[in-house]
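Subject: Structure handover

Hi there,

Here is the structure I promised to pass on.

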Amino acid sequence: MATNRTFTMIKPDAVEKGYIGGILNMINEGGFKIVAMKYTQLSKRDAEAFYAIHKERPFFGELVEFMTRGPIVAAILEKENAVADFRTLIGATNPAEAAEGTIRKKYASSIGENAVHGSDSDENAAIEGAFHFAGREIF
Ligand code: ADP
């Protein structure tokens, strides 16, 4: 499997609760290399664009409000099979269904406030990484 990249965000709920360190530790222990990282806050426009695929879903307004209410950590991660392996590490969208040992099992509180984002395809990982980082910010 070729080394490749995925994109993640530590979401506002996890930042508010002081979980940045714990989540980054799980990412490192999971074998992911951080190749880009920033502490930032999404504007309403950013969040609407980032989650445009969900704009017809009933929870879209709630999702945008949540994702903009405080700072996030955005990062690009590198590992063999990065997208699939990171989805495994974060666990199911709903923490009640997330497996033991996953980030969402440990740190998420609800299906909406679920601590972390992980890209769902190589194509989206590239789009989402480029949304947050310029080429000179990726190492
Ligand atoms: P994932 O982040 O696991 O890929 P989705 O792409 O389905 O999940 O949804 C994107 C994000 O939208 C979720 O991570 C979560 O924050 C939010 N979300 C998903 N489903 C719901 C829901 N039923 N109610 C509120 N928020 C939701």
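**Around Ala-115**

Ala-115 is found in the loop between α6 and β4; helices here are DSSP runs of H or I with at least four residues, strands are runs of E with at least two, and both are numbered from the N terminus. Before going further, please keep in mind that this is a predicted model, in which local features need pLDDT of at least 70, side-chain atom pairs count only at pLDDT 80 or more, and totals for chains, interfaces and linings use all residues. Residues are numbered from 1 along each chain as its sequence is written.

Is Ala-115 buried or exposed? Ala-115 is buried, because 28 other C-beta atoms lie within 10 Å. The cut-offs are 20 or more other C-beta atoms within 10 Å for buried, 12 or fewer for exposed, and in between for partly exposed, with C-beta atoms placed from the backbone. Leaving aside neighbours within four places in sequence, Ala-115 has contacts that include Lys-11, Tyr-19, Ile-103 and Arg-104; a contact means that two C-beta atoms, placed from the backbone, lie within 7 Å. The C-alpha atoms of Ala-115 and Ile-90 are separated by 9.0 Å, with the two residues 25 apart along the chain.

**The annotated positions**

An unreviewed UniProt entry gives the annotation "active site" to His-117. UniProt positions are in the numbering used here, with shortened feature names, and annotations may be inferred rather than shown by experiment. His-117 lies in strand β4 and counts as buried, with 20 C-beta neighbours inside 10 Å. Beyond four places in sequence, His-117 is in contact with Thr-8, Met-9 and Lys-11.

The "binding site" annotation, also from an unreviewed UniProt entry, covers Lys-11, Phe-59, Arg-87, Thr-93, Arg-104 and Asn-114. Two of these are worth a look:

- Asn-114 lies in the loop between α6 (103-107) and β4 (116-118). Asn-114 is buried, with 23 other C-beta atoms within 10 Å, and apart from neighbours within four places in sequence is in contact with Thr-93, Pro-95, Arg-104 and Ala-108.
- Arg-87 lies in helix α5 (residues 82-90). Arg-87 is partly exposed, with 16 other C-beta atoms within 10 Å, and touches Gly-118 and Asp-120 when residues up to four places away in sequence are not counted.

**The ligand shell**

Which residues surround the ligand? They are His-54, Phe-59, Glu-62, Leu-63, Thr-93, Ile-111, Gly-112, Asn-114, His-117 and Asp-120, where the C-beta atom, placed from the backbone, has to lie within 6 Å of the molecule. This shell divides into three nonpolar, five polar and two charged residues. Ala, Val, Leu, Ile, Met, Phe, Trp, Tyr, Cys and Pro count as nonpolar, Asp, Glu, Lys and Arg as charged, and the others, Gly among them, as polar.

**The whole chain**

The protein has seven helices and four strands, in the order β-α-α-β-α-α-β-α-α-β-α along the sequence. Of its 139 residues, 35% count as buried. Among contacts between residues at least 6 apart in sequence, 72% join residues at least 24 apart. The C-alpha atoms fill a box of roughly 35 × 35 × 25 Å, taken along the principal axes.
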